[in-house]
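Dear colleague,

Please find below the structure for your review. My notes on its side-chain contacts follow directly after it.

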Amino acid sequence: MWSLNATLASIQSSWTGRDGVLQPDNSIIDSAASIVLDYITAGHVRVNRLALVTSHFVPEPAPVDLIARMFFSEQAISEVDETTGDLEVHKHTIIPELAAQQSVNHRVRIKCAMIITTSTKGILVEQDINTVEDPEFLCVKQTQRFFAEANARILETLNSAFPE
């Protein structure tokens, strides 16, 4: 399912896949960027902030254990047991000079999840890459570059955490 919400202050292009989860896909990100770029160009919209937000579901029968092994010390892992129902890890970094912007935030949230319709346990990886508000307006080329580089960073983060 696809939706576009546009106001004077923001544009949000959203895709939701089956069971509410959509795996990151270059063609979807390219389509979203194209729609936003067309809107900016046709409407002569001035842009001073951008974001790319994705959610990626990784099936995993023991999500708590995997998240603990990925991020915790041996001592901390020993304190995690079967009674730990959920686990969530947050990471925030600042990416210098992404798409020629002064600084860009990259937030990653990794948490236990379940697709309710199929009772499939797993890990949900939510990523949000966004620019800080800039008094200068971004041109179409900067906007295109942001989406391309942000998408590459999102896929790189996913592949390093879950190499398949």
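The notes below cover the conventions, the salt bridges and the aromatic contact.

This is a predicted model, in which local features need pLDDT of at least 70 and side-chain atom pairs count only at pLDDT 80 or more, while totals for chains, interfaces and linings use all residues. Residues are numbered from 1 along each chain as its sequence is written, and side-chain values use heavy atoms, with hydrogens and water left out.

Salt bridges

A search of the whole structure finds four salt bridges, a salt bridge being a side-chain nitrogen of Lys or Arg within 4 Å of a carboxyl oxygen of Asp or Glu. One of them joins Glu-88 to Arg-109, with the closest N and O atoms 3.7 Å apart. This pair links distant parts of the chain, since Glu-88 lies in strand β4 (residues 88–96) and Arg-109 in strand β5 (residues 103–115), 21 residues apart. Helices (H or I, at least four residues) and strands (E, at least two) are DSSP runs, numbered from the N terminus. Glu-88 counts as partly exposed at 38% relative accessibility, and Arg-109 counts as partly exposed at 31%. For these labels, buried means under 20% relative accessible area, exposed means over 50%, and partly exposed lies in between (1.4 Å probe, protein chains only).

Lys-111 forms a salt bridge with Glu-126, the closest N and O atoms being 3.8 Å apart. Here too distant parts of the chain are linked: Lys-111 is in strand β5 and Glu-126 in strand β6 (residues 120–131), 15 residues apart. Lys-111 is buried, with a relative accessible area of 19%, and Glu-126 is buried at 16%.

A further salt bridge connects Glu-149 and Arg-145, whose closest N and O atoms are 2.6 Å apart. Both belong to helix α4 (residues 140–161); they are four residues apart and therefore separated by about one helical turn. Glu-149 is partly exposed at 24% relative accessible area, and Arg-145 is partly exposed at 40%. Salt bridges that share partners join Glu-88, Arg-109, Lys-111 and Glu-126 into one network.

Aromatic contact

The whole-structure search finds one aromatic pair. The ring centres of Phe-146 and Phe-147 are 5.5 Å apart and their planes are at 70 degrees, so the pair is edge-to-face. Rings of Phe, Tyr and Trp (its six-membered ring) pair if their centres lie within 6.5 Å, with planes under 30 degrees apart counted as stacked, over 60 as edge-to-face and the rest as tilted. Phe-146 is buried at 1% relative accessibility, and Phe-147 is buried at 8%.

With kind regards
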